[in-house]
Structure formats: structure tokens, C-alpha cells
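I opened this entry to look up the metal sites. My notes follow in the order in which I took them.

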Amino acid sequence: MIAGRRIAVSGTVQGVGFRPYVYRLARAHGVGGRVRNDDAGVVIEAFAAERALDDFVAELTAGAPGRMRTLVSTPIAAEEARGFAIEASRRGVAPALSIPPDLATCPECLAETRDPRARRHGYAFTNCTRCGPRFTIALDLPYDRPRTTMAGFPMCPACRREYEDPADRRFHAQPIACPACGPRLDEPVEAAARRIVDGQIVAVKGLGGFHLACDATSEAAVARLRARKRRDQKPFAVLVADVDAARALAELSDADAALLGSDERPITLVRGRPGALAAGVAPDTPLVGLLLPYTPLHHALAAAVGRPIVLTSGNLADEPIACDDAEARVRLARIADAFLGHDRPIASRCDDSVARVIAGAPVVLRRARGHVPAPVALGTRVAVPVLACGAQLKNSFCLARDDSAWLGPHVGDLDNEAAYAFFCEAVERMERLVRVRPERVAHDLHPDYLSTRYAMARPERAIAVQHHHAHVASAMAEHGLDGEVLGLAWDGAGLGPDGASWGGELLLASYRGFRRLGTFRPVALAGGDRAIRQPWRVAVALLDDAFDGDPPPAALARIAAAPADVRVVRQMIARGLQVQRAHGVGRLFDGCGALVLGRAVAAYEGQVAAAWNHAVDPAERGRYPFTIDDGVVDTRPMVRALACDLDRPGVAAARFHNTLIAAGAELVRAAQRAHGALPIVATGGCFANPILAEGLVAELGDVRLQRAVPPGDGGLALGQALVAAAIGGP
Ligand SMILES: [Zn+2]
Ligand SMILES: [Zn+2]
Ligand SMILES: [Zn+2]
């Protein structure tokens, strides 16, 4: 008895080999019918016995490529279908709304490049419908070859046959290529590998830009790279051939290994084995960022070098990653000894993503390659199309329309001209690629962020969104929450409507508005932003406040700054000169870390806070006292107690963390008593700290962390977009 079903699939299912997969699956199950793309995704009409249809749908649900969002199966009249066909997309159908993210080389393609008999043996640009470049080669929609940077490489007859054969895994693989017709390297991989082994620095053209590569076990090579790149302390990422090679460098949990090998291939933060890499790779942190190869080129390079390779974005200090060949050769001339480039242009700059396992599952800390431009599915619809411009640091922007939001690639810190130019160019490109014409532009309250100035200069209506409201809304959007939530938003700084710097907030929030239910007692930042790079200033402020202007000399003596400077800062605080009030939990990390660890300066934002986090003795369960008065956590009792633990940094760091966890949990419980059992979200850069995130989850149970979207400012724009769409009327 033949039955019929119409199966509508939505999500990122176009350009990822979904239709050939369905075709092969249907043939395997003896299912007749057809499959085609439509504007919402892919539609299948399938005809077979009920059993066969059930099996077909079950396997489709379990193993299909791409990211399926919904699958709706409805019975239709049975048809005597002859075979199974892939139909051309219907004319008049809106162009495919989605360009998929770049996908790591699949096992079949990898095996092919390693097979001496295959025609793609050793070919660095091998790909198929399940893997290869997408976003970084796409110039426009619809996503097909003439609108990619592969347009200049006409297919050879052999590639064309594969491209046109529905049964082939390269059916309609837009970047299909082979040594006869595709892009070429300008130097053999082996030559570049030899240079790396010899201690040289090689600029390698990847998917979304150039990387700088050197031997990660050579202290001299790493030191030279740091000096030339003018990057003092920030850790470098390390490319390793496979998971086994990664295990030699770091302790990996099963979840770490799975994250490392996932299709997105992020830089995965894990605890390194001491001495396994040159000390200069990741100074001042026990963590190391590892990544596995994601193109045949990287596979070949890792294999040929035979040892871990530093792979860091090809740029100077904080500038954006270089992606244009000519530009890269100029910008990187003084950094790289040699270039390993090729002739396939990069359409969109895209950095590597960064992720870490927290509370048993991955958290994306930097959302770029492998994720962009896959949309975030909203549990709600935005009233109008919106562009949200994000924050000043770790910038990423967001476009939202209907029930989808697209976060742009990680732009980085908007504090130089090159980064700002990249931001403007990336916004314009994404508007075109995802076909969003914003009617509103959301921005942070802070008037001096370049992203704010950009928003104000646009012709559309600009809407300011408070920083922590945006963080909470971002977490809500990621979890499909609408209505009210209790949101902990803890970070370094974000301007509050009262002019103070916020960042230790508990908000009762919806997309439409928020009420501040709790915060931390503010600390005085003497010299404003200078206190961020000089956290000893925060330490002085915390001591002065905790001890009513009369801290114990032993504690003051721990401040790693000249006594004259300390005196000046204390006077500034006492007189309220150039002093900003900061509620940020990140500042408590800075200040307490600087005090106990005796650190004066941070080479980059958050460095001392991270060191303080890494100092934690996990065996210590105790905490320090604190009080909560009218929703304000008073940490002065904690600082007074901390001043007695100066010689036990591991214990002090653990107790500090436990204190914050207890304070956060108590704020939330009080809010629950007053407002009922609302969903709880935790967001803000502080929740990239696993101890804090896991501790809060342990205390409160059902706390939703940000995972698919960064908890830090890289995820801010998503929340800005939702808030701007919700406020200000239709
Ligand atoms: Zn493949
Ligand atoms: Zn070819
Ligand atoms: Zn923030």
C-alpha cells in the first residue's frame, strides 16, 4: 500500500548537500518522489509504504547535513512515482535566504586528498556539498557559483559531470574544484612547512583571512612573532593535526574533544599540559586554545610540519585580520618571512571562532567562522527589520527580520580606523547577503562608542538600548524566551541610565523594558578607563572603601605601584576627582586579583581577572561575608576578610568566587520571592568564567547560560536588536 507525505524542512539546509543526501536516502529506502528548495528551506514529496516512509523520515531527522530547524511531515495523496528526482528551484521563488557558514573538510574529502589514485590527491581546495567554503566566498544571493569568488574558475568537464549528477556528493557544490580547473597555491605546502620547521614565520591564506604560522614548540620563533606582531601577552591559538595530537598538549574531556572536532572547528580553550608548548604561546594562563585543521590546506600543513603550529590572525596588534592578497603582502611584510597564498579571493573576512566547555556543554565565546551567517532562531518575531550595532569592544553587529537574527562576524575592538572600516564594510555586506533592509538601528547608550556614532549617522531611526538590558535580551532571544525574566548581567562595564558604569546587575526584564532589582556597591574608578589597564587603582579603591579610608598598612603595601602614585589615587578618590562609580563585577575581579596577586597592570582587558580566576584552589569551599541592603550587595566585609588572606591566593580566589556566587543566588532568590518563579538567565562577560557560571547553576538549578551566542559583548547586538524592535511602537 503506497502512502504519500509532504515533508517541509526549514533551517540552514540549502548549499549544504541536503538535496543529494535526501536523494541518496530515498533511493536506499525505495522511496519515490521529489525534493526541491523553496523560500523556506527544502520540500520533499515522498511516496512509499508507511514503514519505508517512517524509516526515511527517522533517518532524515537523525543524519541530515546542515542545521535543520523544523521538520513538518503531512500526509498527501499517494502517487505512483517513478524513481526519485531533485527538481530545479521554482522560478519566481524568492532567492535562497541563507548562505551557509564555512564547513570543515568532511572525512570523505579528506580521504580523497590522501588517496594517491584520486584525481584530487593532495589538492588543497577539495570540497563537496557537505564541506568547504561558503560565507567567505559568497558575493551575493542567490548562492550559486557565478555569485561567488569561484566565478573565475570555469569547471573542467570532470567537475561539471560531478556537479550535474544528483547522485554525486558534489551535486551543485558551488565551490567544486580540482587541480585541473580550480584555485592553486603559490607555493607547495611542503616548502611552507619546511620554513615553519626552520623557525620562520609564514603567512598562510585561510578561509576568512591570512594567519601567521610558526613552530609552537620553538621559544625563539614564538618570541619573534610576538615582537613583530606587537602582541605582548595575549595567548596564541595552536593548530594540531588531530585529536590525539591535541591530547598530547592538553587534558581533554569528552566534551572538549567533541567541541574541538565539531563541524565549526572553533579554537577550543582547554587546560594545557605544562611544558608541552613554548612558554611564549600562552603566557600567564594555564589555558591553551587548540584547533584542528578545517581545510585540506591546513590538514596538509599540520601533517607536513608534524608538530603543533601557532596559528594567529594575520594582523598587527588589534587590527582586523588581513584578507586581500595584495593588502596582506603589504601589511604583513614586516611580520612574515614568507607567504603561502592562493588565487581564490576571499569575499568576507572571518576570524576563527572561539569556544569553551562550561557546565558540560559548549559556550561560543567568539562567533565567527563556522557560525556566520547561520541565523539565530528567535522564539518570537521582530516587528520591524533592525540593525543593531553592538558594543565598542569585541564588536559584532546583528541584523534581524521576522523570526531570525543574523549576527555578523566578530569585528573586534572598534578602537582603530581599520577595525571601523571593516565594521562598515561588513554591515553593508551582511545587509546584502541576508536581504535585510533595516528600518531601525539599535545602539548602546554610550555616546562615544564608534558603533553608536555609526548608528546615529545612519538615516534610519536610531534607538538607544541600555547595555545590560541588551545582554539579558540576548540571552532571552537565544533561549526563545518572551515575557519577563530575571537576568543576571555581570561584566566589566556598560553605561547605566544614571551615568554610572553598570555591570553587576540583576534585572527584571522583558524586551520592552527592565527594572533594576539588584546590583553591587560601586567602586570608585580613579582616572576612569585608565583603571581598567591599571587594576591596582581598583585595589586601592576597594581597600579605602572597605576600611573607611584607613586600610591596614600591610594590605596597602601589597599594591604593586609606587607609593606616590597610590597616594595620588587615594586623594582623587577622597575628593571625587576624575572618579567614576562602577558596579561591574569585572572590576571586583580586577581589584581583588590585583591586590592578592600583587599585579599592577593588565596587558589587555581582563588579564588580571583571568589570572585571579586561574588562581582558584578548587578544594576550597568557604566564602567571605557580604550583606545585601535594598538589593545592593555590599562587598566591603568580603574585602576586609580578603585582606587577611593575602598570603593564601588560592584560598582567597576560591572564597572570592564563592562569595559572588552566593550573592548572585541570594539576589535571585529574593527576586523570585517578590516576582514569582520567572525564568533565570545569566549573561555578560563574567559568565565566560566557568567557576562563576557552574557555581551559579549549582546554586540555582535552572539558570540559562548563553551558549550559541557569546555571553560577552560579542553577543550584545542580538539583544539590542530585539529590544529596539520591541520598544518605540510598531
Ligand atoms: Zn567534503
Ligand atoms: Zn575540475
Ligand atoms: Zn557587556
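**Metal sites**

I started with aspartate 713, which counts as buried because its relative accessibility is 16% and the cut-off for buried is under 20%. I kept in mind that the model is predicted.

Histidine 471 sits in helix H13 (residues 467-478), and aspartate 713 in the loop between strand S30 (703-705) and helix H23 (716-726). The two are 242 residues apart, and the pair links distant parts of the chain. I also checked histidine 471: it counts as buried because its relative accessibility is 0%.

Next I went to the zinc ion (ligand 2). Its protein donors are the SG atoms of Cys156, Cys159, Cys178 and Cys181, at 2.2 to 2.3 Å. I recorded this site as tetrahedral, with angles of 101 to 116° among the four donor atoms. The donor residues of ligand 2 are spaced C-x2-C-x18-C-x2-C in sequence. I placed cysteine 159 in helix H4 (residues 157-164) and cysteine 181 in the loop between H4 and helix H5 (189-197). This pair, 22 residues apart, links distant parts of the chain. I found cysteine 159 and cysteine 181 both buried.

How values were computed:
Residues are numbered from 1 along each chain as its sequence is written. Chains are lettered from A and ligands numbered from 1 in the order in which they are written. This is a predicted model: local features need pLDDT of at least 70, side-chain atom pairs count only at pLDDT 80 or more; totals for chains, interfaces and linings use all residues. Side-chain values use heavy atoms; hydrogens and water are left out. Donors are N, O and S atoms within 2.8 Å of the metal (3.2 Å for Na, K and Ca); water is not among the atoms, so sites may look incomplete. Four donors count as tetrahedral if all angles lie between 85 and 135 degrees; four count as square planar and six as octahedral if opposite donors are over 155 degrees apart and all others between 65 and 115; anything else is irregular. Helices (H or I, at least four residues) and strands (E, at least two) are DSSP runs, numbered from the N terminus. Buried means under 20% relative accessible area, exposed over 50%, partly exposed in between (1.4 Å probe, protein chains only).
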